[in-house]
Amino acid sequence: MDYGTVVLQLVFSGLTVGAIYALVAVGFVLIYNVTGVLNFAQGEFAAVGALTAAWLSMRGLPLWACVVLAVLVAAVVAAGVERAVVHPARHSRPMTVIMLTIGAGIALRGAALLVFGPDPLAMPMFTEGEPIAVGGATILWQTVWALVLCVLFFAALLLFFEKTYIGKAVQANVMNRFAARLYGIRPTALSFWVFVVSGAVSGLAGAVVAPITGATYDMGLMLGMKGFVAAVIGGLNNAAAAVVGAVLLGVVEALAAGLLSSGYADAISFVLLIAMLLLRPMGLWSRAEGKRV
Amino acid sequence: MATRAGNNLRTGLVAAGFAAALALVAWGAGPYWLSVLNVIGLYTVVAVGLSLLMGYAGQVSLGHAGFYGMGAYVAAVLSAKLGWNGWLTLPAAVLLTMAVAWAVGLPTVRLREHYLAMATLGLGVVVHIVMVEWDAVTGGSSGIVGIPPLAVGPWTVTGERAWLFITWGAAALALAMAHRLVTSPIGRALRAIAGSEPAAEALGIPASRYKLAVFVLSAGFAGLAGALYAFYVTFVSPSSFGVMMSMQFVMMVVVGGAHRLWGAPAGAAILVLLSEGVKAYLPALLPGAGGEVQLVFYGLLLVVILLLKPDGVLTGWAAWRHKRSGEHARTA
């Protein structure tokens with residue numbers, strides 16, 4: 001393979017990872033904008049999704065059922081975290097709530113270890129078969145699945161925001177919390193629903209990534225942090241920008257791992273984070289004065 | 001002036017009581033409890049710095065394990081590999097961590113909200129990866145062993161009992177420095193910044209310069225604690241300085257209460273005792289409970305503490321004291 005093909009191949013694998021980061025990042029952005037909480041248990045929701053999907057598929061359930069159940073279980077876990085931890089602390093300082101999500105994340109990681117054990121669970125690719133050849137490089141079918149599911153999900157999210165009452169209420173709440181309350185939108189109900197949606201997305205991300213990396217109880221920490229970095233690169237206030245940030249992060253990471261050093265690839269993504277904060281602290285696209293849209 | 005004399009007297013009494021308690025513990029406690037106390041002492045140094053940053057400057061660092069680890073590695077490399085005198089590595093460790101904190105903090109403290117938190121989170125991860133990958137200097141994931149003990153003339157500082165005086169000496173020093181700082185005009189300026197940054201700036205307080213100074217100071221505390229840790233355990237490896245450690249440092253400050261200095265040792269003690277207690281007693285309550293159940297309980301207990309005491313475990317005590325002094329005022 002010549003240099004150009006290698007780069008193309010790396011870009012393809014970067015796109016896969018980027019799509020998964022995007023799903024986690026959107027979960028982050030949704031919760032942050034509605035509740036003001038940086039949810040450090042976000043990666044744990046993805047781990048729950050990955051473990052559930054892999055565990056079910058090892059017991060012979062059809063693939064679609066594994067994915068659907070993984071999404072549901074992650075959504076229920078997220079709802080549980082919101083009701084048990086975030087809701088009772090809604091009048092506390094933001095820092096306390098963030099620490100609460102970290103504590104909940106530790107407990108979830110322990111619970112995952114208890115239920116699924118310390119060994120990684122394997123999951124078959126969604127579609128068996130020869131990879132697709134494009135310009136000398138190959139695309140795995142799992143990459144196609146990741147991208148298609150990602151796009152489908154964002155279409156659904158867009159419909160949710162534009163067409164449903166709860167979606168509109170979320171938008172109103174982000175624009176002006178006070179005015180939204182005057183119109184009878186209850187912030188506590190929104191907080192609950194936004195955790196459900198965000199848990200579901202992260203669960204989907206976990207189910208998609210499980211065939212590629214396997215599923216382990218402690219995979220959530222790094223996935224969550226990458227989603228977080230992606231969200232910051234895009235700008236924490238904008239779900240679409242977070243997606244672009246995530247794809248960018250995935251590609252940069254894959255290129256760094258392939259062309260420079262695989263050990264330092266993670267360091268490069270966090271150096272990127274620091275550089276972004278220094279150069280464009282409000283995200284790649286937002287106007288400088290916007291604190292939070 | 002009477003109040004200042006009273007304060008001095010009180011500070012003196014606290015210090016004397018502290019020293020007496022330390023001597024008593026060093027005389028009576030077994031090696032296990034001495035080691036627990038030593039770890040609490042070291043974490044207290046980090047938590048004091050962090051509580052200045054969080055409670056008085058209103059900023060958060062999610063990367064203090066990075067500074068802690070940097071201090072440990074500077075001490076380890078200089079003493080074990082280059083043969084420096086151990087005591088000389090301490091200022092080197094402190095200065096280097098402060099320099100790194102200054103370079104990262106300079107552009108980020110001007111930004112509001114969570115930006116310093118994000119930048120320090122990134123820094124912590126980068127430092128950890130460098131520890132793992134920079135084999136030639138850091139020894140990779142196996143780390144550096146054979147760090148020579150600190151020595152005073154012909155005597156070397158070894159054993160938990162001797163270390164108690166170093167770790168808690170450092171903790172007392174950190175607490176005293178922090179106490180001086182928050183009761184000085186600078187402390188008032190910091191509280192004003194935490195309250196409202198625009199208002200503080202309108203009063204002519206250079207907010208970002210103060211915030212940067214506190215951040216650099218807190219990094220220096222972490223660097224000192226890290227260097228002492230390296231000499232205490234005589235080896236360093238990257239696993240002690242991961243992201244979770246940074247989170248735990250912040251957790252100590254939040255659990256103890258960021259707005260009072262005694263929150264730092266209280267939080268450090270609670271987190272260490274919680275983790276040790278879960279390890280020691282859970283198997284007795286739930287036969288066959290392994291590490292995973294301990295992890296669940298540790299996480300759940302942290303959640304419960306934060307839900308019950310969102311402003312730190314010392315709030316009830318402070319309110320009680322406040323109420324009591326209020327009653328005094330009324331009866332007098």
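A word on the model: it is predicted, so local features need pLDDT of at least 70 and side-chain atom pairs count only at pLDDT 80 or more, while totals for chains, interfaces and linings use all residues. Residues are numbered from 1 along each chain as its sequence is written, chains are lettered from A, and side-chain values use heavy atoms, without hydrogens or water.

Let's start with the rings. Rings of Phe, Tyr and Trp (its six-membered ring) pair if their centres lie within 6.5 Å; planes under 30 degrees apart are stacked, over 60 edge-to-face, and the rest tilted. That gives 16 aromatic pairs over all chains. Take Phe40(A) and Phe228(A): their centres are 5.6 Å apart and their planes at 50°, so this pair is tilted. Phe40(A) sits in the loop between helix 1 (3-35) and helix 2 (42-58) of chain A, and Phe228(A) in helix 9 (residues 220-234) of chain A, so the pair ties together parts 188 residues apart in sequence. Helices here are DSSP runs (H or I, at least four residues), numbered from the N terminus. Phe228(A) is buried, at a relative accessible area of 1%; buried means under 20% with a 1.4 Å probe, protein chains only.

Now, the interface. Contact (heavy atoms within 4.5 Å) takes 44 residues from chain A and 40 residues from chain B.

Methods: Helix = DSSP H or I, 4+ residues; strand = E, 2+ residues; numbered from the N terminus. Buried < 20%, exposed > 50% of the residue type's maximum accessible area, 1.4 Å probe, protein only.
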